Amino acid sequence: MSRTGVFVCHCGTNIAATVDVDKVAEAAKDFPGVVFVEQNKYMCSEPGQQAVKQAIEEHGLDRIVIASCSPRMHELTFRKMLTDTSVNPYMLEIANIREQCSWVHKDKGEGTDKAIDLARMAAAKVDRNTPLYTSEIPLTKRALVIGAGIAGIQAALDIADAGYPVTLVEKEPSIGGRMIMLDKTFPTMDCSACICSPKMNEAGAHPNIELRTVSEVEEVTGYIGNFTVTIRQKAKYIDYDKCTGCGLCEVKCPSKVTSEFDRGLTQRRAVYKPFPQAVPSKPVIDATNCRKFTEDRCGVCQKICTVDAIDFEEQDKLVKQEFGAVVVATGYDLIDWGKLYGEYGGGAYPDVIDALTFERLVNASGPTEGHIVRPSDGKEPKSCVMIKCVGSRDPHKGKAYCSRACCMYGAKHAHQFLEKIEGSECYVFYMDVRTPGKGYDEFYMKTLEDGATYIRGRVAKIYPENGHYVCVGEDTLSGKIVKVNADLVVLDTAMVPQESAGEIGRLFGVSRDQDGWLNEAHPKLRPVETNTAGVYLAGTAQGPKDIPDSVAQASAAASKVIGLFNHKALESNPMISFVNEVNCRGCGDCVGVCPYGAITLETVERRENSVKVMRDIANINSGLCQGCGACTSACYSSALDLKGFTNEQILQEVDALCL
Amino acid sequence: MSLEQETLNAVQENQGGAVVQEAPEAWKPKILAFTCNWCTYAGADLAGLNRMKYPADVRLLRLPCSGRVNPQFVLHAFQKGCDGVLVCGCHPGDCHYSTGNYFTRRRMLLYRRYLEYFGIEPERFQIRWISGSEAGKFRDTVVDTCEAITKLGPNHKFREEGR
């Protein structure tokens, strides 16, 4: 028989003014299991809490009902209070007679009746409560950062600087991501490489950072504090311990391939470093284009390597590592505009390029050493048309969202074009100019002063004529059709998620939105967490961003990881699902319902009617289960139940209301 | 005037002179709302914080997620004497547990048609998405539900004998 204590709070006059607390206390005496009832002016205050503790001792109470404000307000307070009493902190229920009663009902009689009902429901529920205990989950204090663009690098550096080891995984041969491809950064026009490469070097040399380039995450198991991740370390065919990075192999390699890093403007070799400042500063062999692999001849690199670092026999390695937290910074790609925009030539016109290609053209360390030339004939263009929102804000052909960075880099490109080529003309077709940010609008205004012509409208068609490209569009401000002759056309195309983000999302159980961006746990209040505890987002993996925002989010994600690692161990939530093995029929319906992958079917040996049988039984991982209870209502045989909200507790509450 | 006559007069006044068959004047509907802790329960708290006023006939039962609501709970509530049942969760797409309310949506809409087939008026069993910031929507939902169920009168369907 339970010994429930009911405590009715007045909350000053907040409750007492519109609820007859004496009547509630009087009624509570008749609730089943109630042996003690007391009123207090402020239950949450120190004297109020003392009164509860005293009553527990004097009357041997084993469970508590507090009729007060919302449990969202003080449930934790009262649980903490119970930790140093003989009553388990989970043998507590709160009747919400303030927010949902005294504050919303004018009629004192009605309010009092409702308060009595709510207290009776709480008393009925607490009657079926069982003691619950948190357990300590061990915590591996090592972080995994996926993607080594500026966001991944920043997150890794912040975590490493706090003293925790980090593994930084990158699928390309060098870290640096998109930022290292850029020439200058708006609005300060400082050189991208000059601010990015020191960070890259720092990450490459940091004692707490383990760099894994040409690697991808293959498999993930476990949960917050205890992820086991299998990383595929792809074969580089070069022993990095021996390689000195002299670059001789790169010079002698006879196979030439289009350079991805230079967006197809130049060629690289089959053994290559994507760019001179690459970190690690050592080459890899691209097996799909190396003659040793395709034709089984050549092997010149091996012959000339002075330290014998080339190893054609190297295989992919699978590395299994333990991590406590994960930062996903998979970044963005540009939309494949060629497929979508046939009216812009569909990629067939060599001088209609995307903005990232323009970055390589204008980059001092790029293929042209910063001289802007036409890719088709190498001549200096005298006029340029830039088209914004290609694929962005275009739900019919591209994406409905705004890619955020284009207005600013568009202005930057216009400024650079006008600055580098004397007497040139630059026309920018735009839908709106969006420049929210420190110093952003000032920068845009400066571009206008430089002489860029902004035309509000979209370009409907581009066609070549006498060595120029004619851009036909509407100036929506004057309502006239305009035709602009351009030597070079730059398309500011939409950002889209990296293709690999889908697989990463699936592996870690992070949902994606309709456009494929990884979802944060809450758009406003939890912008770097995901719904998978222990997995955080940084940079453009979560949505289009510019560099400052990516870096800010990366540091935010890092601080979340550091905060997590500062705990000695994790405390588990005891209000999770549990399985009644006898009832479980092993159908597995619950497995698909669980959003956290916390349920697995396990084959166990059981003795039934003195015969050994093998049965499938649902098994709940207490580290993964978040206690939503979705599985309980999906369970055909009611074998699953939720601690703290059991079927019995809920039905008791319903019964108490209907009395 | 006899006490009986007095009561009858009061009832008739209250009902606009219509002949009253079963619902006595003092009858108030008993409505149970299964609410998600993260949205509707928070929305109800916010309604309190804003001192909004609404009828006192709805009792909230707090659950971690609307996906926790087993249709059996709803049936049990009708059996034991509830006149109406509400199931409230986060807006689809905003579930605190990412997908719980998608299951609720499918399960409960199907269940609603099933109950309707058995003679429960659709107004008696409603599914509502109310976020933690929608205190006004919570109040309106309570007001509308109470009004609709008061109009319908007490529920007898499914109710256990002797109640």
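**View 1. Pro187(A) sits in the loop between strand 8 (184–185) and strand 9 (190–191) of chain A.** Strands here are DSSP runs of E with at least two residues, helices are runs of H or I with at least four, and both are numbered from the N terminus. The peptide bond leading from Phe186(A) into Pro187(A) is cis, with omega near -10°. Chain A has another such spot to look at: Val279(A) and Pro280(A) are joined by a cis peptide bond, with omega about -5°. Pro280(A) belongs to the loop between strand 15 (271–272) and strand 16 (284–285) of chain A. As background, most peptide bonds are trans, and most residues other than glycine have a negative phi.

A quick word on what you're looking at: this is a predicted model, where local features need pLDDT of at least 70, side-chain atom pairs count only at pLDDT 80 or more, and totals for chains, interfaces and linings use all residues. Residues are numbered from 1 along each chain as its sequence is written, while chains are lettered from A and ligands numbered from 1 in the order in which they are written.

**View 2. Arg263(A) and Ser98(B) each have a positive phi.** For Arg263(A), phi is near 55°, and the residue is found in the loop between strand 13 (256–258) and strand 14 (267–269) of chain A. Is Arg263(A) buried or exposed? Arg263(A) counts as buried because 21 other C-beta atoms lie within 10 Å. The cut-offs go like this: buried takes 20 or more other C-beta atoms within 10 Å of the residue's own, exposed takes 12 or fewer, and partly exposed is in between, with C-beta atoms placed from the backbone. Over in chain B, Ser98(B) has phi near 60° and lies in the loop between strand 3 (84–89) and helix 4. Ser98(B) is buried too, with 22 other C-beta atoms within 10 Å.

**View 3. Helix 2 of chain B is mostly covered.** Nine of its 10 residues are buried, among them Tyr41(B), Asp45(B) and Leu46(B). The cover comes from both chains: it includes helix 3 (71–83) and helix 4 (98–102) of chain A, plus strand 1 (31–36), strand 2, strand 3 and helix 5 (135–152) of chain B. Just after helix 2 of chain B, Arg51(B) takes a positive phi of about 55°.

**View 4. Here chain B touches chain A.** On the chain B side, 35 residues are in contact with 38 residues of chain A; contact means that the C-beta atoms of two residues, placed from the backbone, lie within 7 Å. Helix 2 (40–49), strand 2 (58–63), helix 3 (71–80) and helix 4 (100–117) of chain B each supply at least two residues of that side. The largest share, six residues, comes from helix 2 of chain B.

View 5. Pairing needs at least two bridges found by DSSP between two strands. Strand 24 and strand 25 (residues 468–475) of chain A share six bridges, and Val459(A) stands opposite Gly473(A) in strand 25.
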